[in-house]
Amino acid sequence: MSELHLPSSIDAPAPVPPANGKPPAQRGTSATWLFGYDIFISFALGAPPRGTQSYASDLARQLRERDFTVFYSEDEAAPGTTLNDTLRKALKQSRILVVIANRGTLEEPRWVRAEVEEFRQYHPTRPIIPISIEGALKDHALLDTIRPWLNVGETIWVDDTQEAVKLGIASREVVQRLSLAPKHLRAAQRWRATVVGAVLILAISTGAALWNAKVAHDNALRASISAAEAKAEEIKARKAEARALGELRASTGLRLRAESSAMLARLRPEPDERAMQQLLAAQQLTAPGRPLDAEAEGDLLAGLRGARHLLRLVSGNAEFLTMAVSATGRRLATVADDTTLQLWDAATGKPIGASLPAHLQTVRSLAFSPDGTLLVTGSKDTTMRLWEVADDGIHPALAFPLTGHTDEVRAVAFSPDGKLIASGSNDNTARLWDVRTSMPIGQPLAGHSETVIAVAFSPDSRQLVTASYDRTLQLWDVRTGKPHGRPLVGHVDSLRSVAFSPDGKRIVSGAWDNNLMLWNVASGRPIGKPMRGHQGLVRSVAFSSDGKTIVSSSDDGSVRLWDGHSGRPVGKPLLGHTRDVTGARFIERGNPRIVSVGLDGSLRLWNPDDASPIGEPLARGKHQLASLTLSADGERMAAGGQDLRLHLWKISSLWKNQGANEKLQPVLDAPILSLAFSPDGKRLATGSFDGSLRLVDGRSGAALGPPINTHSGAVSAIAWSPDGKQIATGSWDTTLRIWDAASGAAVGEPLSGHDAWIAALAFSPDGRSVVSASADTRLRHWNVATGQLIGRPMLGHDNWVLAVAFSPDGSLIVSGGADDTVRRWNAATGEPIGDAMEGHANWVTSVNVSPKSQHIVSGSWDRSLRLWRADSGVPVGQALDGHADAIQYVAFSSNGEYVRSVSRSGALHLWAAPLRWPGMLCAKLTRNMSPGQWKSWVSSDIEYGKQCSDLPIAAD
C-alpha cells in the first residue's frame with residue numbers, strides 16, 4: 001500500500017470554508033464541455049457519521065481555487081441510488097475519481113459504489129483515489145467487504161480526520177496531495193491553450209485585442225487586489241491608531257486625576273478651577289460613553305470634598321482690587337484692572353450689564369447705598385463718583401465727581417439711613433457728604449497722623465469709626481464731627497479694615513499685623529485677645545446679618561470665619577484663592593453664603609457650613625426611635641419611638657423651613673417594633689410586640705381596620721410587594737408569612753426554616769419571591785406562590801443579618817449584617833458574588849440598590865454611609881459622614897440622583913448620588929477650558945472635549 005506525497009516546496013493556503021457552505025461556481029464551463037473534468041468527487045449524503053457532503057463541498061472549492069475542473073454533484077445533479085445521464089456523462093469525462101471513504105460510507109456504499117463501478121467501466125486504467133477518514137481503509141474487516149467494488153490493495157489513498165469531516169473543511173495536506181495531478185491533464189489549462197491557438201488562427205488583430213483585454217483584466221484584478229490589501233492595511237492601521245489613542249486617553253485621564261488631587265490638596269500651586277476642569281476632563285477620557293468605574297467616581301467625590309465649601313467659582317481676566325455687596329445681598333460690585341467697574345448677581349456669580357471705566361486713575365474703594373440703588377466709588381485721582389444701580393447694570397448718577405480730598409480716596413461708606421457718605425483719604429482725614437446734594441458736610445474729620453484706610457457707620461448712623469495706618473481706630477460723633485472718646489489702640493501694625501456689628505455694640509478690625517481684634521464700643525476696650533490665624537495682611541472684615549459670625553480675608557489667600565462675640569475661630573479656612581483675597585462679605589440673610597474676590601482674578605461663592613460636600617441635613621434629630629422608615633417619594637417619615645407611640649412627619653415642609661409637621665399618634669395596644677410604607681405611600685403597616693399587624697393611613701396615622709393576628713412572637717420585619725397587594729411579615733417566632741393587603745387574609749402557611757428571629761425582608765421586583773434575613777446569620781429565598789425555598793440558604797455572614805434588598809433588575813440580592821460587612825448574592829442561584837465588602841466599623845443596618853442597579857448604599861451604626869459599585873463590590877470613595885447618631889435607614893430616590901438617610905434620633909439627611917457628581921462640579925464653574933489650555937493641560941493629540949456641556953468655552 002502506497003501513499004501520495006507532495007513536494008515540500010508547495011505551500012498551499014489554509015482552507016477557508018465558504019460563507020454559504022457551497023464551493024465556488026465551476027470555472028471554465030467551456031473547458032469542461034470540450035475537455036471534461038480533472039476530478040470527480042464521490043461522497044455520501046445524510047447525517048453524520050455517514051454524510052460527508054460539507055467536507056466534499058469544501059474540497060471541491062479548494063481544488064477549483066487551484067485551477068482544477070471538479071465535478072461536485074450537488075452543483076449539477078443530485079446523487080441517488082441510480083445514476084442519471086448527467087452523472088454518467090460526468091464520470092465518463094473525468095480523469096480522476098476521488099472517493100471520500102469514511103466508515104459509514106464503506107459500510108453502506110449505495111450510490112458511491114455505483115459511481116465507482118461506472119467510472120471503472122469507462123476508464124479501467126484511470127486512478128481512483130480514496131480519502132481514508134480516520135483510518136477507515138486500515139480496517140481489514142472493511143477492506144474485505146469493499147474489495148468487490150473498491151480494491152485498495154494497490155490503490156493510492158490520502159488520509160484525513162473525522163474532525164475535518166465534522167467541521168466540513170478539507171485539510172491542507174489532502175488538498176496538497178491531490179494537487180499533484182499532472183498539469184497537462186488540467187482541462188482549464190488545455191482550454192486556454194486551445195483558445196489561444198484558435199485566436200491566433202482566426203486573426204492576429206483579434207488575438208492582440210483579446211490579449212490586451214486579458215492584460216487589462218489581469219491588471220485590474222491586481223489593482224483590485226492591491227486596493228483590497230491597501231484597504232485592509234488601512235483598517236489595520238486605523239485599529240492600531242484607535243488602540244493607541246485609547247491608551248493615550250486612559251493614561252492621560254489617570255494623569256489628570258492625579259494632578260487634580262494634588263491641586264485640590266494644595267500640594268501644587270495651581271488654581272482649583274484648573275483642578276476641577278482637569279478632573280472633569282479625566283472622566284471623559286477614562287470612560288468615553290461608558291459609566292465611570294469606582295476609582296473615577298471616587299476621584300469625583302474627592303474633588304467635591306476638596307471644594308466642599310465652594311459653591312461657584314467665577315474667573316476673570318484681571319485682578320479684583322476691591323468689592324462691595326448690597327444690603328440685601330442680591331448685588332455685588334467689583335473693581336478690576338484698576339478702573340473697571342462691574343455689577344454681578346451675587347447669588348449666581350453672573351455679570352449684570354457691561355463693565356465700564358469708573359475713574360481716570362485707580363479705584364481704591366466702593367460701597368452700596370442701603371437700598372442698593374446707588375454706588376459710590378473713591379479713586380486715586382482724589383475724587384468720588386455716584387452711580388445708579390439698575391437691572392441692566394451701572395450708570396452714572398452725576399455728571400461731575402465729588403471733590404474735597406487732597407489725596408487718594410482710600411475708603412467710602414454709606415450711612416445705614418442712606419443720607420450720608422463717609423470717606424477716608426491719604427490726606428489723613430475723613431469726610432462726611434450729603435447724598436442729596438453731593439456736597440461735603442462741615443470740616444474734614446482730622447486727628448489721625450497717617451492715611452485713613454477704612455471707615456464704617458454704626459447701625460443707627462450716629463457714629464463713625466475710622467481706621468488708620470497710624471495703628472489706631474477713632475470713633476466720631478456724626479452730628480458734631482467731633483471725636484468720641486480716645487483712639488482705640490491695640491494693633492501693633494497699620495490698620496487695614498473695620499466694621500460695626502449689627503447691634504452697634506462691637507467693632508472688628510483687621511491689620512497689617514495679620515490679626516483681627518474685637519472691640520467693645522461702649523468702653524473702647526478690646527474683647528479678648530487678638531484673633532490670630534491669618535498669615536498675611538487682613539484686607540477685609542465683615543459681620544453676618546445676625547452678628548454671630550465674622551468673615552475676614554487676607555493676603556495669605558484664605559477666607560476665615562470667627563465667632564462674632566468671642567472672636568474664636570469657626571471651622572476651617574476657606575481655601576482656594578491663589579493670591580491675596582481683597583474682599584469677603586456675607587451675601588444672604590438667614591442662609592449664610594459668602595462671596596470673596598482676589599488678585600488671582602477669581603470671584604467665589606462659599607457655603608461656610610462645615611457639612612458634607614454632597615449632603616445636607618433636612619431634619620435635626622430630637623428623638624430616640626426604635627424603628628423608622630420613609631415613604632418611597634421621601635415625603636413622609638414614620639417611626640416607632642421609645643414612648644411606644646407612632647410618629648409621623650411631613651418631610652417636604654422642611655424645604656421651606658417650616659418645621660417637621662410632626663403628627664403624634666395615641667399609644668397603641670402594643671409598642672411598635674417594625675413599620676413600612678406601601679409603595680404609593682398611602683398606607684403604613686406596623687408590626688407590634690404582641691405579634692399583630694396594623695394598617696394605618698400614611699398621612700394621618702388613623703387606623704385602617706382592626707389588628708391582624710399574625711405571629712406568636714413580635715413582628716420584627718415588614719415588607720410590601722411592589723404592587724402593594726401583599727405584605728410579608730417576619731417574627732421573633734422565626735417564621736415569615738404573606739398577607740393579602742386588602743383583606744388581611746393569610747396567603748398560604750407560615751414559612752419556616754430559620755433558626756432565629758427575622759430581622760429584614762425584601763420582595764423581588766416582580767413580586768414573585770421574597771428574601772428573608774435572620775439572626776441565624778442566613779438569608780433564605782422563598783417562592784411566594786408555593787412557599788417553597790428557592791435554592792439553598794445563603795451562608796456567608798458571621799453574625800446577625802440585619803438588612804436585605806433586591807436590585808431593581810432582580811439579578812442581585814444585597815445584605816448587611818452585625819459582622820459589619822455588606823454582601824452580594826446571585827438572586828437566581830443564591831450563590832455569593834465576590835468577597836465580603838468591608839469598610840464599616842459597626843453593624844450595617846440598612847442597604848439599598850440604585851434604580852439602574854449600578855450602585856449600592858449601606859448605612860451603619862458607625863454613623864456613616866458608604867457607596868459601592870454593584871458590579872464589582874468596590875467602594876466608591878470614602879465614607880459619607882455627617883450623622884451624629886447610628887444610621888437606621890438608607891435608600892436611593894426613585895430617579896437615582898439622591899440618597900436619603902435617617903439616624904436613630906430621627907435626623908434626616910439628603911445626599912447627592914454619583915449620578916449628580918459631575919454636574920455638581922460643573923455647577924461650581926462658569927466656563928470650560930480654552931482650546932489652548934486643553935493642549936497644554938490635557939494633550940495636543942486628543943481632540944478637545946467640553947468638560948461641562950452647558951458652560952461656554954473660555955477664549956485663549
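**Terms and values in a predicted model**

Guide: The accessible surface of the chain comes to about 42,400 Å², with 51% of that area belonging to carbon and sulfur atoms; such areas come from the Shrake-Rupley method with a 1.4 Å probe, and for residues only the protein chains shown count as cover. This is a predicted model, in which local features need pLDDT of at least 70 and side-chain atom pairs count only at pLDDT 80 or more, while totals for chains, interfaces and linings use all residues. Residues are numbered from 1 along each chain as its sequence is written, and side-chain values use heavy atoms, with hydrogens and water left out.

Visitor: What makes strand 7 largely enclosed by the rest of the structure?

Guide: Five of the six residues of strand 7 (residues 320-325) are buried, so the strand is largely enclosed. Buried means under 20% relative accessible area, exposed over 50%, and partly exposed in between (1.4 Å probe, protein chains only). Strands are DSSP runs of E with at least two residues, and helices are runs of H or I with at least four, numbered from the N terminus.

Visitor: How do you know that strand 7 pairs with strand 8?

Guide: Pairing requires that DSSP find at least two bridges between two strands. Five bridges join strand 7 to strand 8 (residues 331-336), and the two run antiparallel.

Visitor: Why are C922 and C948 called a disulfide, and why a left-handed one?

Guide: A disulfide is a pair of cysteine sulfur atoms within 2.5 Å; those of C922 and C948 are 2.0 Å apart. The torsion about their S-S bond is about -90°, so the disulfide is left-handed.
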